[in-house]
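Hi,

Here is the structure I promised to pass on. Have a look at it first, and my notes on what turned up follow below.

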Amino acid sequence: SLINTFSVSELHDASFSALDLSNTGVPITELKSVGFTLNELDEAGFSNTQLVDVGYTAGEMITIDVSVPELKTLGYTALDLKNADVSLNQINDASYNVNELQSAGYTPTQLTGIGYGLVDFAGISRTFSLSTWTTRYQTAYEVFDDVVFSNGYFIAISRYSGVRYIH
């Protein structure tokens with residue numbers, strides 16, 4: 001066979017397709033290493049999982065029309081998507097949680113801008129440091145009607161007393 005006579009690189013240079021070579025048993029890692037492009041490997045029928053396994057980035061996978069939710073399923077992090085210039089709204093729509101978004105470097109201001117509130121931040125890693133709320137007048141039964149993030153501060157308004165707690 002040609003594979004036994006010529007190297008995969010020589011066959012690539014002779015214009016054999018990734019599909020031709022994969023049908024003869026050449027592994028995807030070798031096809032990529034001799035210069036087949038992501039598009040050529042995709043067209044040869046390799047799965048998205050196989051493409052991820054040989055090191056393609058989220059940004060590269062987007063070029064072959066892999067959706068943001070599919071990228072999450074494939075194991076890409078919110079940071080991977082942020083680095084691929086995917087919008088925060090698209091990342092959020094793919095069901096990444098607030099901890100994953102915070103780990104990707106999004107700020108409380110950015111997260112409140114897409115609808116997250118203090119309740120969502122309650123379980124977040126202490127990078128946002130919500131543990132130092134001014135609570136000297138707060139009772140064990142305090143209920144907050146509203147929590148907003150404004151000018152770098154969280155402001156919680158008590159339902160019963162109207163007291164504003166600022167952090």
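Let me start with a term: a charge sits over a ring if NZ of Lys or CZ of Arg is within 6 Å of the ring centre and within 35 degrees of the ring normal. With that in hand, Lys82 lies over the face of Tyr106, 4.5 Å from the ring centre. Lys72 is placed over the face of Tyr96 too, at 4.9 Å from the centre of that ring.

Before going further, some ground rules. This is a predicted model, where local features need pLDDT of at least 70 and side-chain atom pairs count only at pLDDT 80 or more, while totals for chains, interfaces and linings use all residues. Numbering runs from 1 along each chain as its sequence is written, and side-chain values use heavy atoms, with hydrogens and water left out.

**The overall picture**

The protein has 13 helices and three strands; helices (H or I, at least four residues) and strands (E, at least two) are DSSP runs, numbered from the N terminus. Of its 167 residues, 34% are buried, where buried means under 20% relative accessible area, exposed means over 50%, and partly exposed is in between (1.4 Å probe, protein chains only). The accessible surface comes to about 9,700 Å², and carbon and sulfur atoms hold 49% of it. Those areas come from the Shrake-Rupley method with a 1.4 Å probe, and for residues only the protein chains shown count as cover.

As for contacts (heavy atoms within 4.5 Å), take those with a separation of 6 or more: 27% of them are between residues 24 or more positions apart.

**The core**

A nonpolar core here is a set of buried Ala, Val, Leu, Ile, Met, Phe, Trp, Tyr and Cys residues joined through side-chain atoms within 4.5 Å. The largest one has 39 residues, and Leu41, Leu51, Met61, Leu81 and Leu101 have the most contacts inside it. What does Leu51 touch, leaving aside neighbours within four places in sequence? Its partners are Ile28, Leu38, Leu41, Asp42, Phe46, Tyr56, Met61 and Ile64.

**Back to Lys82 and Tyr106**

Lys82 belongs to helix 9 (residues 78-83), and Tyr106 is in the loop between helix 11 (98-103) and helix 12 (108-113). Along the chain they are 24 residues apart, with 9.3 Å between their C-alpha atoms. Buried or exposed, what is Tyr106? Tyr106 counts as buried, because its relative accessibility is 6%. Lys82, at 28%, counts as partly exposed. Apart from residues up to four places away in sequence, Lys82 touches Ile91, Ala104, Gly105 and Tyr106.

One thing I looked for and didn't get: a search of the whole structure finds zero aromatic pairs. To pair, rings of Phe, Tyr and Trp (its six-membered ring) need centres within 6.5 Å; planes under 30 degrees apart count as stacked, over 60 as edge-to-face and the rest as tilted.

Asn92 is in helix 10 (residues 88-93) and is buried, with a relative accessible area of 18%. Not counting residues up to four places away in sequence, Asn92 touches Leu101, Ile114 and Tyr116. Ser103, in helix 11, is exposed at 57%. Its C-alpha atom is 9.3 Å from that of Thr77, 26 residues away along the chain.

**Positive phi in two loops**

Most residues other than glycine have a negative phi. Ser15, though not a glycine, has a positive phi of about 75°. Ser15 lies in the loop between helix 2 (8-13) and helix 3 (18-23), and is exposed at 66% relative accessibility. Asp65 also has a positive phi, near 65°. Asp65 lies in the loop between helix 7 (58-62) and helix 8 (68-73), and counts as exposed with 73%.

The mean pLDDT (the predictor's confidence in each residue, from 0 to 100) is 81, and 71% of the residues reach 70 or more. Over residues 125-140, pLDDT stays under 50, and the model has 32 contacts beyond four places in sequence for them. Where pLDDT is low, the predicted coordinates should not be read in detail.

Cheers
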